[in-house]
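User: Hi! Could you help me look at how the ligands are held here?

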Amino acid sequence: MFLSWRKKQARKAAQARRILAHRTHPDAGRALVAHFPDALWPAIGTVVAGYRAFGPEIDAGPLMESFHLEQVRLALPRVVGRGQPLTFHHFSPGDSLIKGPFGVEEPAETADHTTPKLVLVPLLAADLRGYRLGYGAGYYDMTLAALRKAGSVTAVGLCYDEQIVAKVPAGRLDEPVDWIVTERRAIRIAK
Ligand SMILES: Nc1nc2c(c(=O)[nH]1)N(C=O)[C@@H](CNc1ccc(C(=O)N[C@@H](CCC(=O)O)C(=O)O)cc1)CN2
Ligand SMILES: Nc1ncnc2c1ncn2[C@@H]1O[C@H](COP(=O)(O)OP(=O)(O)OP(=O)(O)O)[C@@H](O)[C@H]1O
């Protein structure tokens, strides 16, 4: 069956599961911090891309705040347009943001560009091969492909434990994450 159709079905099931998980674990974003692996904990000055949680996404805020307190440089993505990778821009907690497509908050176009070494990726569903589903626009696939081509980057998917499934439909263009961190554990994806 066509991959796009399988992804659409998987996305539907995953959306329902994520809403339920979000309701069940209101403190999950804080629990993530405790499970973030020491081996990945960024050094002072490292650029880390986070995200502003939208709807039932697991909250990356507490993890980003912990990084900020340790002088890690935070960045957030901006949607440039369909078929184009996201761009990353410096961000500090308290900076004003604007509403982008879907109502996701983003830095203004004028905010300084940066290239992250660590990217926190919001997951809709993921499997133990690191394959993931997102909104379906391919933005993170394109973005990770571009960052990986340009240099070394670590992609850490964040999700509720219930979002991990046996197998996510995946194809040639899908870029797996290197780690998955949930409110319960951290999983290193075997290479
Ligand atoms: N929290 C969070 N931030 C994120 C993402 C995410 O998944 N979660 N993204 C992960 O990709 C990017 C934003 N992703 C988007 C994916 C699709 C559309 C989209 O389909 N927009 C419609 C119009 C929506 C509307 O305004 O009604 C369109 O372009 O047709 C927009 C943003 C960057 N920031
Ligand atoms: N590296 C790429 N270059 C060009 N197009 C791509 C690339 N990666 C994915 N796409 C396209 O993006 C579309 C959506 O991809 P996919 O269904 O994998 O989304 P997703 O992984 O759920 O979304 P996202 O990456 O935004 O979270 C597909 O039509 C796919 O062909």
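User: What does the backbone of Arg52 do with ligand 1?
Analyst: A backbone N or O atom of Arg52 lies 2.7 Å from a nitrogen atom of ligand 1. That is a polar contact, meaning a pair of N or O atoms within 3.5 Å. Keep in mind that this is a predicted model, where local features need pLDDT of at least 70, side-chain atom pairs count only at pLDDT 80 or more, and totals for chains, interfaces and linings use all residues. Side-chain values use heavy atoms, without hydrogens and water, residues are numbered from 1 along each chain as its sequence is written, and chains are lettered from A and ligands numbered from 1 in the order in which they are written.

User: Which side-chain atoms lie by ligand 1?
Analyst: In the side chain of Glu57, an N or O atom is 2.6 Å from a nitrogen atom of ligand 1. Arg82 has a polar side-chain atom 2.6 Å from an oxygen atom of ligand 1.

User: And how much of ligand 1 does the protein cover?
Analyst: The protein covers 72% of the 700 Å² of accessible area that ligand 1 has on its own, by the Shrake-Rupley method with a 1.4 Å probe.

User: Switching over, what touches the oxygen atoms of ligand 2?
Analyst: A polar backbone atom of Gly138 is 2.9 Å from an oxygen atom of ligand 2. For a backbone N or O atom of Tyr139, the distance to an oxygen atom of ligand 2 is 2.8 Å. The side chain of Asp174 has an N or O atom 3.0 Å from an oxygen atom of ligand 2.

Note on methods
A polar contact is a pair of N or O atoms within 3.5 Å; within protein, one must be able to donate a hydrogen and the other to accept it, and residues adjacent in sequence count only if both atoms are side-chain atoms.
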